[in-house]
Amino acid sequence: EKLPNFRISDAPEESLQRMIVKAETVLVRPFVVCAVLRNITFDEARYNSFIDLQDKLHQNLCRQRSLVAIGTHDLDTLQGPFTYEARTPSQIKFVPLKQEKEFNAQELLQYYKEHDQKL
């Protein structure tokens, strides 16, 4: 299979996204970096490979998520602007990739433990 060729490109002004970092978040996560990957289609093998890479980054460079947590979201299902906030686990609610049910953070951790899935 041919290796993908990625490049950094300027996005049109109207397609730029905005991330708002709340003041209290800096106490927990002092840095935030965002990226938008466009025109990518995941089949099952590519999706699994992407999640495996994300997990390896979490476990190694991100020091078991103590320095960095990576979130992957389908931009076709969301609309900005986005906010980055420090919340308690019970206040964090979202629908993970490849899921249909909404979870709070506590429920999601339990679900992943019970189903032997990567966090």
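Predicted model: local features only at pLDDT ≥ 70, side-chain atom pairs only at ≥ 80, totals over all residues.
One of the four, L37, sits in the loop that runs between strand 1 (19-21) and helix 1 (44-59). L37 is classed as exposed because its relative accessibility is 57%, and the cut-off for that class is over 50%.

## Overall layout

The protein contains two helices and four strands. Read from the N terminus, the order of these elements is β-α-β-β-β-α. Along the principal axes, the C-alpha atoms occupy a box of roughly 40 × 35 × 30 Å. Of the 119 residues in the protein, 13% are buried.

## Helix 1

Helix 1 is made of 16 residues. From the first C-alpha to the last, helix 1 spans 22 Å, close to the 22 Å expected at 1.5 Å a residue. The buried residues in helix 1 are Y47, Q54, D55 and H58. Viewed down the helix axis, these buried residues fall within an arc of 100°, so they line one face of helix 1.

An α-helix has 3.6 residues a turn, so residues three or four places apart point the same way. A45 and K56 lie on the other side of helix 1, where they are exposed.

## Cysteines

How many disulfides does a search of the whole structure find? The search finds zero. C34 takes part in no disulfide, and the nearest cysteine sulfur to it, that of C62, is 14 Å away. Seen from C62, the closest cysteine sulfur is that of C34, and a separation of 14 Å is too far for a bond; a disulfide requires the two sulfur atoms to be within 2.5 Å. C62 counts as buried because its relative accessibility is 5%, where the limit for buried is under 20%.

## Salt bridge

Side chains of opposite charge can pair when their charged atoms come close. The structure holds one salt bridge. The salt bridge joins the side chains of E85 and R87, with an N to O distance of 3.1 Å; the cut-off is 4 Å.

Are E85 and R87 buried, partly exposed or exposed? E85 is partly exposed, because its relative accessible area is 29%. R87 is also partly exposed, with a relative accessibility of 45%.

Notes: Residues numbered from 1 in each chain as written. Heavy atoms only, no water. Buried < 20%, exposed > 50% of the residue type's maximum accessible area, 1.4 Å probe, protein only. Expected span 1.5 Å × (residues − 1). Arc of directions from axis to C-beta.
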